[in-house]
Amino acid sequence: MTAAQQANAHERLGRPVLSVISPSYNERDNMRAFTDGLASALKGIEWELIVVDDDSPDGTYEEVLTIGAVNPRVRCIRRVGRKGLSSAVVEGILASSAPVVAVIDADMQHDETVLPQMLAKIDDGADLVVGTRYAGGGSTGTWGEGRVRMSELATKMSQLLIGNATSDPMSGFFMARRDLVNNHVYDLSQQGYKILLDLIASAPPATRIEEVPYTFRERTEGESKLTLMVLAEFLFLLIEKLTGGLIPPRFVLFAIVGVLGLAVHLSVLNLMGTLQPNFMVAQTAATFVAMVFNFILNNQFTFRDKRLTGVRMIVGLVVFILVCSVGAIANLSVANFAQQEFGNWNVAGVLGALMGSVFNFGVSSTLVWNRRKKKRRVSA
C-alpha cells in the first residue's frame with residue numbers, strides 16, 4: 001500500500017495521517033505556542049502530537065497534559081529514569097499511529113509551516129524528507145560565525161559516514177515513513193542527539209531522501225541544549241557507525257574517564273609520596289581516590305541517562321570499586337601473560353590496560369548502571 005493509500009485509509013477511519021514527535025526537556029514556556037503553531041500549519045490534515053518528555057523539572061509534561069485535556073490530538077509520554085533525545089524520538093515513533101512521522105523540536109526554532117511541503121514529498125514517493133538549513137534557500141538565521149563553522153565541520157565529518165545523502169545531516173527536523181524506522185530500529189544507536197544521522201546511516205542505500213529548506217529561528221523561551229556533551233556524543237556516534245558497532249559510544253567516554261582517572265591516580269600517588277614513604281599505603285590511597293573519581297564522572301556523564309542518586313549511588317560506588325578491583329586482577333593477568341609472550345613492557349602494559357578497561361566497562365554497565373528497582377508487591 002502506498003503512502004497516499006495509507007493516508008486515505010486513515011482519513012476514512014478518522015485516524016491521523018501524520019504523527020508529530022517532539023522530544024522535550026524544560027520546554028514548558030514554549031508548549032502552547034508550539035501546539036498552536038502546529039494546529040495552524042496542519043489545517044486540513046489529520047495529525048497527532050506525541051511529546052516525549054524526560055521528566056522535565058519545569059513541569060513540561062504537566063503543561064502538555066493540560067493542553068491535551070482540551071485538544072485530543074496532543075498526548076505526552078513522560079519518561080522517568082530515562083534520558084536522551086535519540087531514544088526519546090524512537091520511543092515516540094514506536095508509540096505513534098500514523099503511517100508518516102515528523103520529528104520537530106518544541107522550542108519553536110524549527111519551522112512547522114513547511115510540514116505540509118514535507119508531507120507532499122512523502123506522498124510523491126520519498127522515504128525521508130530532511131528540513132535543511134543549507135540548500136534551496138534554507139538558512140541558519142541569526143547564528144554567529146563560530147556556530148556556523150562548527151556546524152559546517154560536523155556536516156563534513158558526517159559525510160564520511162553517509163556521503164552526500166543530504167545537505168544537512170545534523171538537522172533535528174525531518175519526516176519519514178514510519179516503516180523506515182520500524183524496519184531499522186534495531187540498527188539505531190539511540191545514543192546522543194543526532195537521530196537523523198543515525199537513521200540515514202542505518203537505512204539501506206536505496207532509501208529515497210529529499211529536502212525542504214527552512215530558516216532556523218532564534219529561541220525566545222528556555223535555554224539551548226547545545227553543550228560540549230552534545231558535540232562529544234556526535235563524535236561517539238560517528239565512531240560507532242564507522243566501526244560497525246564494534247566500539248560503543250559509552251565505551252569511548254568510559255575510556256576517556258579512565259585516562260583522566262589515571263592522571264588523578266598519579267597525582268595522588270606523588271602527593272602521598274611526599275607525606276608517606278610506604279609505597280603500598282600511597283598506592284592504595286591513590287587507587288581508591290581514582291576509583292571514586294572515575295565513578296563520579298561516569299555516573300555524571302557516561303551513564304547520565306541512568307544516573308544513580310541517593311542510596312543507590314552509594315551502593316553503586318561500592319559495587320564499582322569491587323568491579324574495578326577484579327578488573328585490576330584481569331589487567332595484571334593479561335599484562336603478565338603478554339610480557340612473557342612478547343617480552344615488551346609497553347605492549348604488555350597496553351594490553352593489560354585494555355583488558356581492564358573492557359572488563360570494567362562491561363561488568364559495571366550491567367552491575368552498577370543497569371540495576372533495576374524491585375517491583376513493589378500489590379496488596380491483595
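In this predicted model, helix H6 (residues 145-162) and helix H8 (residues 195-202) have axes that come within 10 Å and cross at roughly 20°. Angles under 35 degrees count as roughly parallel, and H6 and H8 are therefore roughly parallel to each other. Their crossing is right-handed. On the H6 side, the residues that take part are Ser158, Leu161 and Ile162, which meet Leu197, Ile200 and Ala201 in H8.

Helix H10 (residues 249-275) packs with H11 at an angle of about 150°, and the two axes are 8 Å apart. Since angles over 145 degrees count as roughly antiparallel, H10 and H11 are described as roughly antiparallel to each other. H10 passes H11 in a right-handed crossing.

A pair of aromatic rings is described by the distance of the centres and the angle of the planes. Rings count as a pair if their centres lie within 6.5 Å, and by this rule the count comes to nine aromatic pairs. In one of them, the rings of Phe295 and Trp369 have centres 5.5 Å apart and planes at 20°, so the pair is stacked. Phe295 and Trp369 are both buried.

Trp369 has another partner, Phe303. The centres of the rings of Phe303 and Trp369 are 4.3 Å apart and the planes are at 5°, so this pair is stacked as well. It links distant parts of the chain: Phe303 is in the loop between H11 and helix H12 (310-342), while Trp369 is in the segment after H13, 66 residues apart.

Phe303 has a relative accessible area of 1%, so Phe303 is buried. Trp369 is at 3% relative accessibility, and therefore also counts as buried.

Ring pairs link Phe251, Phe254, Phe295, Phe303, Phe320, Phe361 and Trp369 into a cluster.

One more aromatic ring takes part in a contact of another kind, with a charge. The charged end of Arg78 sits over the ring of Tyr61, at 3.8 Å from the centre of that ring.

Conventions:
Residues are numbered from 1 along each chain as its sequence is written. This is a predicted model: local features need pLDDT of at least 70, side-chain atom pairs count only at pLDDT 80 or more; totals for chains, interfaces and linings use all residues. Side-chain values use heavy atoms; hydrogens and water are left out. Rings of Phe, Tyr and Trp (its six-membered ring) pair if their centres lie within 6.5 Å; planes under 30 degrees apart count as stacked, over 60 as edge-to-face and the rest as tilted. Buried means under 20% relative accessible area, exposed over 50%, partly exposed in between (1.4 Å probe, protein chains only). Helices (H or I, at least four residues) and strands (E, at least two) are DSSP runs, numbered from the N terminus. A charge sits over a ring if NZ of Lys or CZ of Arg is within 6 Å of the ring centre and within 35 degrees of the ring normal. Axes are lines fitted to C-alpha atoms, for helices over the stretch in contact, and angles run from 0 to 180 degrees between N-to-C directions. Angles under 35 degrees count as roughly parallel, over 145 as roughly antiparallel, 65 to 115 as roughly perpendicular and the rest as oblique. A crossing is left-handed if the near helix is turned anticlockwise from the far one by less than a right angle, and right-handed if clockwise. Contact means heavy atoms within 4.5 Å.
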